[in-house]
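Q: I would like to learn how to read a structure feature by feature, with the general idea stated before the particular case. Could we work through one together?

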Amino acid sequence: MKTLIKNGTIITSSEYCQADLLIEDGKIACIGKNIGGEADVKIYAQDKLIFPGGIDAHVHMNVPCSDGSLSAGYDTETIAAALGGTTTILDYVLQEYGKSMHESIDGAHALAESQAAIDYGFHVIVTNPDEQTIAEIEDLIDSGITSYKLFMANDLALDDQQLLKFMEELARLGGLACVHAENGAIISSLQNGHKKKKQLEPYYHFLSRPLISENEAINRAIALAKTAKCSMLVAHVSNLEGVNIITGAQAPAPIHTESCPHYLVLDDDEYRQGEFETAKYVISPPLRSKEEKERLWVGIKNRGIDIISSDHNGFNYSTHKQLGKDDYTLIPNGGPGIEQRFTLMYHTLTERGIDLSRFVDLIATKPAKIFGLFPQKGTIAPGSDADLVIFDPAIEWTITAKEQHQASDYTSYEGLRMKGRVDKVLLRGELIVDEGKYVGEPGDGKFIARQTLKS
């Protein structure tokens, strides 16, 4: 099948050009002026921008909650991702207690294969850091699952010795450590103090996770990664000092920085409303001050931040967040954002005068390179998958929970005014979003095996 896209402005991480795009059998075949010949489908993209499909490298599907319920999954959230301009996700799959990593991945595969509207891959969240789990890594990496989430805080925390063992094995096999960097001892101490004083409102979640907790853990994670000579991504960095620690690390293997839209758009005023509704913003690390939010933008401008991911969790305020109604430490951490990430970052970056090639790098190209998807994904070039977003920069609209397609009953970005909106999305050459409406089928997505750092 041939698809011809005419007269769009193509934007990659390195250049802009007004040109035609020819797609054959799901791949980009040719880019050039006035491409002629017959095509099965013609799309006219005059006055539109053409981006590589977004890659959201940090999402959480079907997260178990303390009442036995699950957060939203592939059936709804991958459609929302497609409508928002994302064509590939990497899901953090929890190693379920009492199960091997293989068993947990098999369960995720079964769901995604039948439900995912876009392409997908997996990370594994390590919960059982024993020798048997370490022994599984090689087979999983051979199957294309090359990255592993290691927690330094919360109920899933690994101690330094366990972290080092995992990093040494990942370094040997060409895998990537994705680290949640917060100091568990500091957080536990502050939480215990709040409980003694009966300070259990969501505001105290913010107070229990200060900057020093995050930045100490970043320093320690870097020391461990240096020792192991392990490549690492520090997830959801919320502040500029943390970014600077990473960029100045001078480690023998690459250390990458991920941040998220909420740290660049929202701030700690969300915790000061004095009502339980602030539970919507119980995320870890928490939102920071207005001043810190502005400082974090320096990391965007000086390229200290490598990628922007949503850290999406499809929780509902009316059910999941209510589990911590009487104790903020029981509120499920995280919030929805998979649908808004692409346009929210387009809008905010352009508002601040940041080049659109930098936008592409943050939301598509650099995630593809870091996670072993490039050049199949993350760029517009002959031979790459025809994952494309045709974007109308003129449309103005407002983010609301009422109109979103994520299954959550709220959005953290309620009422924000956007300029620019996704018009069409192609997944491997097939139109799955047309004029802002989903026209694909659940199950269109495919598992993408990723290359290791040694490939």
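Predicted model: local features only at pLDDT ≥ 70, side-chain atom pairs only at ≥ 80, totals over all residues.

A: Residues are numbered from 1 along each chain as its sequence is written, and side-chain values use heavy atoms, with hydrogens and water left out.

Q: How far apart are the end C-alpha atoms of helix H10, and what span should its residues give?

A: Helices are DSSP runs of H or I with at least four residues, strands are runs of E with at least two, and both are numbered from the N terminus. The expected span of a helix is 1.5 Å times one less than its number of residues. The 12 residues of H10 (290–301) should therefore span 16 Å, and the end C-alpha atoms are 17 Å apart, which agrees. After the helix comes Arg303, with a positive phi near 65°.

Q: Which residues of H10 are buried?

A: Buried means under 20% relative accessible area, exposed means over 50%, and partly exposed lies in between, with a 1.4 Å probe and protein chains only. An α-helix has 3.6 residues a turn, so residues three or four places apart point the same way. In H10 the buried residues are Glu292, Lys293, Leu296, Trp297, Gly299 and Ile300. Seen down the helix axis, these buried residues fall within an arc of 160°, so they line one face of H10; the arc is that of the directions from the axis to the C-beta atoms. The face turned away from the buried side carries the exposed residues Glu291 and Lys301.

Q: What is the order of the strands in the open sheet?

A: Two strands pair if DSSP finds at least two bridges between them. The open sheet has nine strands in the order S13-S12-S11-S10-S9-S8-S7-S6-S14, with parallel pairing. S13 (307–308) and S14 (312–313) stand at the edges with a single partner strand each, so one side of each has no neighbour in the sheet. Within the sheet, S8 (residues 119–125) and S9 (residues 147–151) pair in the parallel sense over two bridges, and Ile125 stands opposite Lys149 in S9.

Q: How many salt bridges does a search of the whole structure find?

A: A salt bridge is a side-chain nitrogen of Lys or Arg within 4 Å of a carboxyl oxygen of Asp or Glu. The search finds 29. One of them joins Glu214 to Arg288, with the closest N and O atoms 2.9 Å apart. Glu214 lies in helix H7 (residues 211–228) and Arg288 in the loop between H9 (261–265) and H10, so the pair ties together parts that are 74 residues apart in sequence. Both Glu214 and Arg288 are buried.

Q: Where do Lys293 and Asp267, which meet in a salt bridge, lie in the chain?

A: The side chains of Lys293 and Asp267 meet at 3.4 Å, N to O. Lys293 is in H10 and Asp267 in the loop between H9 and H10, 26 residues apart. Lys293 counts as buried at 14% relative accessibility, and Asp267 is buried at 7%.

Q: Which residues are linked in a network of salt bridges?

A: The network links Lys27, Asp119, Lys377, Asp385, Asp387 and Arg428.
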